[in-house]
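Open your viewer and get ready to click along.

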Amino acid sequence: HAPCIEECAVSQDVPEYMYHTANGNFEKAFESILKDNPLPNMTGNVCDHLCQSKCTRINYDNPLLIRGIKRFVSEKFNDVSVINKKNKNGLKAAVIGAGPSGLCCAYFLALQGFEVNLYERKSFAGGMVSGSIPEFRLSDKSINDDIEIIKSAGVQFHFNQKVDEELFSNLQKTNDYLYIGIGAQKSKKLLIPGEELKGVTDQLFFLSKVRLHENIHLGNRVSVIGGGLSAIDAARTAKR
């Protein structure tokens with residue numbers, strides 16, 4: 001494997017889609033991306049692209065802009081007819097949670113011929129990606145384009161569907177396989193006096209409120225504790 005493939009969290013065949021892109025064959029490039037990654041628009045915008053740190057082009061000058069090229073291909077060619085699905089295998093699978101993990105699982109199961117039903121408590125898919133990443137970093141169109149890829153693979157979505165004990169038991173009885181991808185949606189607490197006071201909030205709650213266009217009063221001055229990705233997102237969002 002090329003070093004960029006080894007560094008990629010999903011072992012994306014970067015050299016293949018880079019080759020097709022360089023030759024102007026965007027259909028083949030998009031098809032190559034979808035073999036390993038059903039969320040090219042999301043990852044083309046917000047992936048931390050560790051692959052670029054291992055790009056062998058560094059040996060000559062500068063790394064190729066791998067994430068940007070994925071985004072370019074996904075925007076240039078997004079015909080889902082290139083998705084290759086196998087015949088139905090007679091097996092059923094239920095996926096709980098429509099975040100990136102659940103979406104990917106549902107997609108690959110559907111490609112292998114499974115009948116897949118995906119259950120999501122919220123009214124939309126994407127999980128923390130749709131609910132917390134600011135729109136100036138990831139547009140609704142980019143998210144929806146990826147959701148259409150999952151749907152085109154044959155996955156059936158069930159929104160506003162909280163999986164309680166009764167439904168969970170029923171899903172176990174009526175499916176051959178069950179995948180739980182409910183995510184990690186709680187922020188870390190500082191565990192210091194005062195963090196429960198009015199005007200103090202965690203970044204995920206704040207980002208979610210803004211992303212869903214809900215009213216939230218900040219006042220005139222905002223302090224952000226922390227310097228991670230979500231903290232920077234919160235600072236930039238508050239500034240806007």
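Start by selecting L65, in the loop between α4 (40-46) and α5 (66-76); helices here are DSSP runs of H or I with at least four residues, numbered from the N terminus. This is a predicted model, where local features need pLDDT of at least 70 and side-chain atom pairs count only at pLDDT 80 or more, while totals for chains, interfaces and linings use all residues. Residues are numbered from 1 along each chain as its sequence is written, and side-chain values use heavy atoms, leaving out hydrogens and water.

Is L65 buried or exposed? With a relative accessible area of 58%, L65 is exposed (over 50%; buried is under 20%, partly exposed in between, with a 1.4 Å probe and protein chains only).

Next, go inside. Select M42, L103, Y107, L118, V155 and F157, which touch the most other members of the largest nonpolar core, a set of 41 residues. Such a core joins buried Ala, Val, Leu, Ile, Met, Phe, Trp, Tyr and Cys residues through side-chain atoms within 4.5 Å. Helix α6 (residues 100-111) supplies the largest share, six residues. A second, separate core has five residues, including A94, Y119, L167 and L171.

Finish on helix α10 (residues 203-211), where you will find F205. F205 counts as partly exposed because its relative accessibility is 44%.

Methods. Helices (H or I, at least four residues) and strands (E, at least two) are DSSP runs, numbered from the N terminus.
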